[in-house]
Amino acid sequence: MSDYASHSTTKIQYAIQTLKSIVKHLSTQEIDIYIQINTFNDVVHTLIPPTKVCAQSLKEILSLLQTIDADRCTNIETALNAATASITEYAHVNLGHSCVHIFMTDGEPTSGATTTDELIKCVSNEYLSINIGFGFDHNAKLLCELSKLSNSEYHFIDKVEDASVVYGESLHKVLYPCLHNVCISIENGFIYDWLNHKWSTSIYENTLISEVKKYYHIKTSTPDI
């Protein structure tokens with residue numbers, strides 16, 4: 001994450017700016033939102049324990065985010081396992097809360113498990129996982145595979161200006177959901193599965209967002225029926 005994603009900005013700086021934008025946006029919401037932030041290299045450190053995001057806590061949270069730095073190895077296995085354990089524990093205590101995991105990385109594991117098959121086992125499908133890759137040379141294949149789980153998605157940030165688009169889209173899904181676990185099927189034709197790049201008789205959407213238009217491509221050789 002200490003590599004430069006552009007001529008003057010490192011991946012870790014992009015990640016910090018994205019986090020700051022997320023926290024600022026959450027602090028303006030009327031509902032109660034709690035956030036926990038872990039940092040990791042070859043070990044996981046809880047930078048911010050579960051904390052209510054509001055105007056009163058915003059300054060301290062932003063200050064702590066500025067202390068994040070990149071060093072040593074990148075153990076994605078440890079990070080994912082720690083996140084799953086923390087979310088599972090939180091959900092058990094706070095029944096009725098919706099939990100979301102936002103995972104930010106350059107996607108290059110250098111210690112621990114390094115294969116996609118091993119790392120997929122570390123991700124729970126019980127909550128939404130938002131995977132964000134930074135820089136053109138991040139491991140896009142790994143994050144794409146992690147995001148093929150039914151309750152996961154993948155975003156890419158190559159410049160800091162794009163951060164607001166990514167977190168805005170993802171957070172809108174979290175804050176304003178309309179329907180969860182939707183299967184859209186078609187008879188006598190096909191619908192385009194944009195995630196897997198193929199025509200199919202049905203596709204799955206983990207969440208449909210309130211007041212957002214979504215377009216699907218369909219085709220058939222028997223349009224009358």
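Analyst: On a 1 Å grid over the protein atoms alone, a cavity is a set of points where a 1.4 Å probe fits but cannot get out; a pocket is an open set with protein on both sides within 12 Å along at least five of seven lines, and lining residues have an atom within 4 Å of a point. The model is predicted, so local features need pLDDT of at least 70 and side-chain atom pairs count only at pLDDT 80 or more, while totals for chains, interfaces and linings use all residues. Residues are numbered from 1 along each chain as its sequence is written, and side-chain values use heavy atoms, with hydrogens and water left out.

User: Which residues line the largest cavity?

Analyst: Rolling a probe the size of a water molecule over the atoms shows where empty space is left. Here the lining of the largest cavity consists of Leu80, His101, Val123, Ser129, Asn131, Leu146 and Ser152. By class, three of the lining residues are nonpolar, four are polar and none is charged; Ala, Val, Leu, Ile, Met, Phe, Trp, Tyr, Cys and Pro count as nonpolar, Asp, Glu, Lys and Arg as charged, and the others, Gly among them, as polar. The volume of this cavity is about 30 Å³, a volume being the space filled by probe spheres set on grid points that are joined across faces, edges and corners. The search of the whole structure finds one cavity of 30 Å³ or more.

User: What is the volume of the second largest pocket, an open space, and which residues are the closest to its centre?

Analyst: The second largest pocket has a volume of about 720 Å³. It is lined by 26 residues, of which Glu153, Lys173, Trp194, Glu205 and Lys214 are the closest to the centre. Strand E5 (152–157), helix H6 (163–175) and strand E9 (202–209) each give two or more residues to this lining, where helices (H or I, at least four residues) and strands (E, at least two) are DSSP runs numbered from the N terminus. Strand E9 gives the most, with seven residues. The lining comprises ten nonpolar, eight polar and eight charged residues.

User: How many salt bridges does a search of the whole structure find, and where do the partners lie in the chain?

Analyst: A salt bridge is a side-chain nitrogen of Lys or Arg within 4 Å of a carboxyl oxygen of Asp or Glu. The search finds four. In one of them Lys52 pairs with Asp32, with the closest N and O atoms 3.1 Å apart. Lys52 belongs to strand E2 (residues 44–52) and Asp32 to the loop between helix H1 (11–26) and strand E1 (34–40), so the pair ties together parts that are 20 residues apart in sequence. Another joins Glu153 to Lys173, the closest N and O atoms being 2.6 Å apart. That pair links distant parts of the chain, with Glu153 in strand E5 and Lys173 in helix H6, 20 residues apart. A further bridge joins Glu205 to Lys214 at 3.2 Å between the closest N and O atoms.

User: Which residues have a positive phi although they are not glycine?

Analyst: Most residues other than glycine have a negative phi, and most peptide bonds are trans. Asn188 has a positive phi of about 60° and lies in the loop between strand E6 (177–185) and strand E7 (190–193). Its relative accessibility of 41% makes Asn188 partly exposed. His197 has a positive phi of about 55° and is located in the loop between E7 and strand E8 (198–200). With a relative accessible area of 61%, His197 is exposed.

User: Which residues does Ser111 touch, not counting those up to four places away in sequence?

Analyst: Contact means heavy atoms within 4.5 Å. Ser111 touches Asp42, Cys73, Thr74, Asn75 and Ile76, residues up to four places away in sequence not being counted. The loop between strand E3 (100–105) and helix H4 (116–120) holds Ser111, which is buried at a relative accessible area of 18%.

How values were computed:
Buried < 20%, exposed > 50% of the residue type's maximum accessible area, 1.4 Å probe, protein only.
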